[in-house]
Amino acid sequence: STTIATNFAVSLSKLSKKKILVVDLDLGLGDVTGFFGVRSGKVLIQEGGEGWVINPAKIFKAIATHSKTGIDLLSFSDGVLGKSRSLAAQIKPLLGVLQGEYDYIVVDASSTLNDLVVSVLDSSHLIFLISKCNLPALRNAQRVLHGFERLGYSTSRIRLLVNRYQKGQDVSLKEVEKTLGF
């Protein structure tokens, strides 16, 4: 998903000429800055007395800029975090601040639907669900789509991206549509 998120952000930047931020929300294994070749060492969160906290004074100081594209990058952590539950409640206010500064915010999240990811999805205008084109992955995508339905997400906000599809593959696009109920 990081490859797709970063390439999407670059394409969006070229096409729109708007101000774009890519947020790396994968707390353990995120590497959006690495995909852009940026080694800033800047991260947003720090350990506080009651868990991990977002320091409002450091939000914009934690943003690095990719010099060739002008895309801004915000990494939440340096990969040493444990539980993210204490951050979930802080996401909506953070995104509200960032939405005032950016035309588009692309969030690269982990593949786990935890409290932190759901908080971001709750604030998102569009949700891109990425799936490979094989039956186990499509079955998982179907389960996630049912989860989105239970969370009350409108289908008009959800887009399914089928990654690594090749014509003549074991699963046809018609089978994808049938499996997912499209």
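**Salt bridges in the model**

Author: Lys-92 is partly exposed, its relative accessible area being 45%. The model is predicted. Lys-92 pairs with Asp-122 in a salt bridge. Their closest N and O atoms lie 3.9 Å apart. The cut-off is 4 Å, so this pair counts. Asp-122 is partly exposed too, at 36% relative accessible area. This bridge links distant parts of the chain. Lys-92 sits in helix H3, residues 85-99. Asp-122 sits in helix H4, residues 115-123.

Arg-39 is exposed, with 68% relative accessible area. The cut-off for exposed is over 50%, so Arg-39 qualifies. Asp-31 reaches 33% and is partly exposed. Side chains of opposite charge can pair when their charged atoms come close.

Now the setting. The protein has six helices and eight strands. From the N terminus, the order is α-β-α-β-β-β-β-α-β-α-β-α-β-α. Of its 182 residues, 39% are buried. The accessible surface is about 10,800 Å². Carbon and sulfur atoms account for 51% of that surface. Take the contacts between residues at least 6 apart in sequence: 74% of them join residues at least 24 apart.

Terms used: Residues are numbered from 1 along each chain as its sequence is written. This is a predicted model: local features need pLDDT of at least 70, side-chain atom pairs count only at pLDDT 80 or more; totals for chains, interfaces and linings use all residues. Side-chain values use heavy atoms; hydrogens and water are left out. Helices (H or I, at least four residues) and strands (E, at least two) are DSSP runs, numbered from the N terminus. Buried means under 20% relative accessible area, exposed over 50%, partly exposed in between (1.4 Å probe, protein chains only). Contact means heavy atoms within 4.5 Å. Accessible areas come from the Shrake-Rupley method with a 1.4 Å probe; for residues, only the protein chains shown count as cover. A salt bridge is a side-chain nitrogen of Lys or Arg within 4 Å of a carboxyl oxygen of Asp or Glu.
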